[in-house]
Every structure is written in structure tokens, then in C-alpha cells.
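Student: Could you take me on a close look at the salt bridges in this model, and then at the aromatic pairs? I would like one connected walk-through.

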Amino acid sequence: DTCSQSNNALINERMISLFYSAQGELDTKACVPLERTVKQIDNALLIPLIQGTLFAAWQNSYYFNNNILIPSTQEFLPEGYVLAQSILPIIANVDVEAAKYISGVMVDDFPFPTRDKVSKHAVVFDAVKRALTKMDGVDCKQIGSIGGQGFCPGDSDPTSPSSRLTLSSIVILMTVGLPL
């Protein structure tokens with residue numbers, strides 16, 4: 001879960017805390033701790049950008065796959081384009097191939113993407129998941145999940161047949177009496 005009990009984004013609360021820490025470190029001229037805090041702020045700022053990129057990829061895919069092409073749904077194309085552009089240099093620093101995959105889905109054909117490309121949110125999800133494992137200081141748990149898919153190693157893709165029980169599997173298990 002990425003929200004606090006007060007319904008605020010945990011990453012926002014973390015950033016506010018880091019800003020206060022940095023202010024205190026500046027006031028006391030504590031340069032070494034300030035350097036660490038600034039790096040933590042850099043990493044924390046990536047979280048909403050990554051979340052936004054993933055959400056836009058998911059929305060674009062949903063709308064294009066379901067032929068919902070009304071103006072209010074098209075906002076995710078430019079939003080995804082901008083958000084993807086914001087994380088691509090950072091992703092490319094750790095995984096050039098992952099950056100190319102994200103760019104191929106969200107950037108390359110903007111503003112007139114093909115349905116074939118823009119509807120492949122799973123490509124973006126996999127690329128981000130792969131890159132996150134190589135990004136020091138970025139906690140994949142802070143990204144959360146979308147459509148049931150998390151972005152940490154070991155999180156499964158709920159659309160994969162191997163990661164979910166199918167209706168026929170459940171019927172068979174219930175028939176033989178095995179507890180679910």
C-alpha cells in the first residue's frame with residue numbers, strides 16, 4: 001500500500017520529512033549528512049514520476065484496446081509522453097534496453113502512436129520492473145501496484161496464466177474438495 005492512514009501518499013510524507021532533515025542539516029552545516037539526504041530526495045522524487053508513467057501506460061493500453069477514444073481519455077497520451085521522458089534518462093543509466101522498450105511504447109510515435117505500440121502496457125511494466133532492480137536507493141515497494149501487478153522482484157503478473165487460478169482450476173479444486 002502506498003497511502004498512509006491519513007490517506008496521504010507515503011512518498012509525499014517521506015519527501016516532506018527529507019526536506020525538513022535537509023533544512024536542519026543546512027542550518028548546522030552538516031555537509032556529509034546533507035549529501036545523503038539530497039540523494040534520498042533525488043530517489044524519492046523518482047517514485048511519483050515512475051508511478052505516473054506506469055499509470056499512463058496502463059490507461060493508454062486500456063483505452064486503445066477497448067476502443068474508448070473520446071477526448072477525455074486521450075489526456076493520457078501526452079501525460080505518458082512527458083512522464084516517460086522524465087524517467088528515460090534515469091532508466092537508461094541503469095538499463096539501456098529497458099529505456100528503449102519504454103520509449104518504443106510511450107515516446108517514439110507521439111503524438112500519433114499506433115494501437116499496436118500504445119496498447120502494450122506490459123512492455124512498460126516489465127521494463128520498469130527490470131530497471132528498478134538496478135536502481136540503488138529506489139524502493140520498488142514504494143511504487144505500489146497497478147492492475148494487481150507489483151514491481152518488485154518476485155511480484156507476479158496477474159495476467160499471466162501461471163500466476164492466477166483460472167475458473168476451471170477453481171471448479172476442479174472445489175470438485176475434489178481441496179481447500180482454496
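Tutor: Happy to. The structure, which is a predicted model, holds 5 salt bridges. Asp95 is buried, because its relative accessible area is 6% and buried means under 20%. Arg130, by contrast, counts as partly exposed at 30% relative accessibility.

Asp95 has another partner: Lys134, with the closest N and O atoms 2.7 Å apart. This pair also links distant parts of the chain, since Lys134 lies in the loop between H6 and strand S1 (145–146), 39 residues from Asp95. Lys134 is partly exposed, with a relative accessible area of 39%.

Now turn to Lys120 and Asp116, whose salt bridge has its closest N and O atoms 3.6 Å apart. Here Lys120 is partly exposed at 36% relative accessible area, while Asp116 counts as exposed at 51%. Elsewhere, salt bridges that share partners join Asp95, Glu97, Arg130 and Lys134 into one network.

On to the rings. The structure holds 6 aromatic pairs. In one of them, the ring centres of Tyr63 and Phe76 are 6.1 Å apart and the planes meet at 15°, so the pair is stacked. Tyr63 belongs to helix H2 (residues 31–65) and Phe76 to helix H3, and the pair links these distant parts of the chain, 13 residues apart. Tyr63 and Phe76 are both buried.

Tyr81 and Phe110 make another stacked aromatic pair, at 4.1 Å centre to centre and with 15° between the planes. With Tyr81 in helix H3 and Phe110 in the loop between H4 and helix H5 (115–118), the pair ties together parts that are 29 residues apart in sequence. Tyr81 is partly exposed, with a relative accessible area of 25%, and Phe110 also counts as partly exposed, at 29%.

To finish, go back to Tyr63 and Phe76 on your screen: together with Phe55, Trp58 and Tyr62, these residues form one aromatic cluster.

Key:
Residues numbered from 1 in each chain as written. Predicted model: local features only at pLDDT ≥ 70, side-chain atom pairs only at ≥ 80, totals over all residues. Heavy atoms only, no water. Salt bridge = Lys/Arg side-chain N within 4 Å of Asp/Glu carboxyl O. Buried < 20%, exposed > 50% of the residue type's maximum accessible area, 1.4 Å probe, protein only. Helix = DSSP H or I, 4+ residues; strand = E, 2+ residues; numbered from the N terminus. Phe/Tyr/Trp six-rings, centres within 6.5 Å; stacked < 30°, edge-to-face > 60°.
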